[in-house]
Amino acid sequence: MQHGPAVRRRKLGAELRALRTSAGLTSGDAARLVGWHQSKVSRIETGASGVKPADVRLLLDAYRVADANLRELLLVLAGSDESGGRHHWWHAYRGVLPPTYRDFISLESQASAMRTLETSVVPGLLQTPEYARAVTRAAVDGLDDERLDALVEVRLARQDILRAQPPLELSAVLDEAVLRREVGGPEVMARQLKRLLEAARLPQVRLQVLPFTAGAHVGITGPFVIFSFSRTSDLDVVVLDHLTSSLYLERKEDLQAYTEAFNTLRIHALSPEDTLDYLAVMGDGA
């Protein structure tokens, strides 16, 4: 995707269409005002094609949109560098990454906060290289060594957002099964537990373990990620991963349901302080 993930293109297109309608203009009128063909306006409004921030500015000027906050929001949707987003480093791996993964990384790179429930594996942002290699090899069938190396490089490069200025704020709830599953063997897991303990001490990371003793819980149906954006909550999105695709939920009712679910999980999980003690004990026994 050249100018951001599909979920953002659709949102941007819908917003621009609403603004054009409010201005009393047809798509043909808009095209004439900015010197384009009508089909380009239509493709942008339906999310069928990406749009550059400079083109968004042209449309906003044509629609006489003076609201600074609204203009800024739409430029964020268009992936403007002025929006505070990080450099699109993953473009170098375009031939390796499937579109859904590029969408995910794009959202992750621009988000200010990430809340995640993990029920099977350690979150990618907290994986060691050896753990990442073992998980990737198991998850993607038939990988040759070159592609495996590239995917692991991407996984590790993503972790830079925890050290950026400002860093991504990560809040993760890990089912106990994540820590009990021996991925890559005992030595790999021992190093992974040490990495989690180090990460849990970072001010931008809030880590909580959901123990087996919590019983059945609202997250038992599967993992999810909630991305939040500091400039506006209108960009917030829930991501659900499936074996061959990812589902992006944008509706306010979906966001509210998953936010409430995550808050409930945090209540039933060990506190961040108790999680540190739990990881330390597990690490000593590994």
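The model is predicted, so local features need pLDDT of at least 70 and side-chain atom pairs count only at pLDDT 80 or more, while totals for chains, interfaces and linings use all residues. Residues are numbered from 1 along each chain as its sequence is written, and side-chain values use heavy atoms, with hydrogens and water left out. The protein has 12 helices and 6 strands; these are DSSP runs numbered from the N terminus (helices H or I, at least four residues; strands E, at least two).

**Overall form**
- Along the principal axes, the C-alpha atoms fill a box of roughly 70 × 40 × 35 Å.

**The sheet**
- An open sheet of 6 strands runs in the order β3-β2-β1-β4-β5-β6, with mixed pairing; two strands pair if DSSP finds at least two bridges between them.
- β3 (205–210) and β6 (246–249) are at the edges with a single partner strand each, so one side of each has no neighbour in the sheet.
- On average, neighbouring strands are turned by 15° against each other, direction ignored.
- β5 (residues 237–241) pairs with β6 in the antiparallel sense over 4 bridges, and L240 has L247 in β6 as its bridge partner.
- Helix α11 (residues 252–268) packs on this sheet and touches β1 (113–118), β2 (169–175), β3, β4 (224–228), β5 and β6; contact means heavy atoms within 4.5 Å.
- The direction of α11 makes about 110° with that of β4; angles run from 0 to 180 degrees between N-to-C directions, and axes are lines fitted to C-alpha atoms, for helices over the stretch in contact.

**Helices α6 and α8**
- α6 (residues 99–110) and α8 (residues 145–158) pack at about 15°, with axes 11 Å apart.
- That makes α6 roughly parallel to α8 (under 35 degrees; over 145 is roughly antiparallel, 65 to 115 roughly perpendicular and the rest oblique).
- Y101, F104, I105 and E108 in α6 meet V154, R155 and R158 in α8.
- This contact has 4 nonpolar, no polar and 3 charged residues (Ala, Val, Leu, Ile, Met, Phe, Trp, Tyr, Cys and Pro count as nonpolar; Asp, Glu, Lys and Arg as charged; the others, Gly among them, as polar).

**Helices α2 and α3**
- α2 (residues 27–34) and α3 (residues 38–46) pack at about 115°, with axes 8 Å apart, and are therefore roughly perpendicular.
- S27, G28, A30 and A31 in α2 meet Q38, V41 and S42 in α3, a contact of 3 nonpolar, 4 polar and no charged residues.
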